[in-house]
Amino acid sequence: MIEAELSRSVARWCPGATGATGAAKLSGGASQETWRFDIVHPEGPIGAILRRAPKGYGAAPTRAAGLDAEAQLMQLAYEAGVPSPRVMHVLVPEDDLGTGFIMQRVEGETIARKILRDDEFAAARPILARQIGGVLAGPHKLLPSKLPELRRVTATTEIGEFERDYHSLNWPKPVFELALRWLRNNDPGPSAEETLVHGDFRNGNLIIGAEGLRAVLDWELAHLGDPMEDLGWVCVNSWRFGEIDKPVGGFGSREVMFAGYEAAGRKVDAARVKFWEVMGTLRWGIMCGGMMQRFREGPDHSMERAMIGRRASETEIDLLRLLAPRGR
Amino acid sequence: MQDEPTPIELTKSVADFLRNDITPLVSGHQAFKLRVAINILDLVTRQLTLEEEGDEKEVERLRALLGSDGSLTDLNRALAERIARGEFDLATPGLAEHLWQTTMDKLAVDQPNYASYKRELGRGG
């Protein structure tokens, strides 16, 4: 039934389009949904993706940039040459689809384990660490004056948020306390430059094809802050999916990613990257705790959510490996 | 005293039934959910097998570290507070070893296939 609204919508803004078919929901929480569909066109079907907050769900969670900002950032990134889906249409009230946007569908794989294991991606894997470095330079080079209104994040504000989130879980975890203490003691202070930070750039949020990186997805956690945050987050062990000796998403070394980043005209601060990797490991651990809480309190009583609660211990071992490594 | 089979044996029998008899019958999203369900039952079986001994040793270590007594939750809360206040850190004798052992015991239940765990297990402590 969403196809009726999509058909009316595409007819208004996509010249020649006569309808929409094949709509299928790819993912959806209570407040945000992603759909795939095809625009029917005389020159052949056009693959598209709808990201929307259904009617009645306008408010974004506090950490999210909001769908309007997300659309604007993706468009800016696309225009700056960052591999990113082209935004085709920002929803208006006449669309009767809620708020959000429609973008071009980029074919390829996002499931990290497939990308790391399947033969199809054998040629892509060795080049991805360097490519990720080069691509990450893109958002960091966007002019701040062109960006939409975004949350500002520093290491100090982020540590404070983690402490608050962790304490709200009422979940005494000596390893998390140790990590929080380490972060406080090693807080590098505000970054000399404040740039756009993607905020969730990692294996799993990238569309990969046989030849390499095709598109960067999930801009919803974008904010202004220390660009080294993105380089640290992509190295968090949870996103290596078992390839633990290849820090950059399971693809390659930090040094290779740094080389790609610097070849694109930007400077790396390796100490800050390490700091943000510790921060990111703790961040995912606290998020696992949040999943447990949501499972327990009812809004999502699924088995998957319950099991993610039991993955916090993975981040504890990774924090110990970072902060208290045992003999090599 | 309850009769047998034990909870470990009962849970394992359900997990094995789902794994061997039901898995071939379902596909798609249901197959994914079934895998999650089996993983949960396997985790519960591991916890029922390992928890008692692990908890006993954890309490012993915590008592020695803190010089006080209490429930496992209370002792963990006390340790967390001392670390938060900076009274305990990695230079505190026994702290790193305690955190490592406790974490390894958790992974043995939660995710024994996690690559970091398998690597550290190979170090033999």
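Among contacts in chain A between residues at least 6 apart in sequence, what percentage join residues at least 24 apart? The figure is 67%. Two residues are in contact here if their C-beta atoms, placed from the backbone, lie within 7 Å. The model is predicted: local features need pLDDT of at least 70, side-chain atom pairs count only at pLDDT 80 or more, and totals for chains, interfaces and linings use all residues. Residues are numbered from 1 along each chain as its sequence is written, while chains are lettered from A and ligands numbered from 1 in the order in which they are written.

Chain A contains eleven helices and nine strands. Helices (H or I, at least four residues) and strands (E, at least two) are DSSP runs, numbered from the N terminus. The C-alpha atoms of chain A fill a box of roughly 65 × 45 × 45 Å along the principal axes. The radius of gyration of chain A is 20 Å, which agrees with the value near 20 Å for a compact globule of 328 residues. This radius is taken over C-alpha atoms, and the globule rule is 2.2 Å times the number of residues to the power 0.38. Buried residues account for 43% of the 328 residues in chain A. A residue is buried if 20 or more other C-beta atoms lie within 10 Å of its own, exposed if 12 or fewer, and partly exposed in between, with C-beta atoms placed from the backbone.

Chain A is divided into domain 1 (20-104) and domain 2 (155-189 + 269-328). The bounds come from an automatic or database domain assignment. The C-alpha centres of these domains lie 31 Å apart.

Helices α6 (residues 174-186) and α9 (270-297) of chain A meet. Their axes come within 10 Å and cross at roughly 150°. Axes are lines fitted to C-alpha atoms, for helices over the stretch in contact, and angles run from 0 to 180 degrees between N-to-C directions. The crossing of α6(A) and α9(A) is left-handed: the near helix is turned anticlockwise from the far one by less than a right angle, whereas clockwise would be right-handed. From α6(A), the contact includes A:Phe176 and A:Trp182; from α9(A), it includes A:Phe275 and A:Leu282. The contact residues divide into eight nonpolar, two polar and no charged. Ala, Val, Leu, Ile, Met, Phe, Trp, Tyr, Cys and Pro count as nonpolar, Asp, Glu, Lys and Arg as charged, and the others, Gly among them, as polar.

Most residues other than glycine have a negative phi, and most peptide bonds are trans. A:Asp96 has a positive phi near 60°. It lies in the loop between β4 (87-90) and β5 (99-104) of chain A. A:Asp96 counts as exposed because it has 12 C-beta neighbours inside 10 Å. A:Phe241 has a positive phi of about 45° and sits between α7 (228-233) and α8. A:Phe241 is partly exposed, with 19 other C-beta atoms within 10 Å.

In chain B, a cis peptide bond joins B:Glu4 and B:Pro5, with omega about 10°. B:Pro5 is in the segment before α1 (7-22) of chain B.

The contact between the chains takes 29 residues from chain B and 25 residues from chain A. On the side of chain B, α4(B) gives the largest share, seven residues. By class, that side has 16 nonpolar, six polar and seven charged residues.
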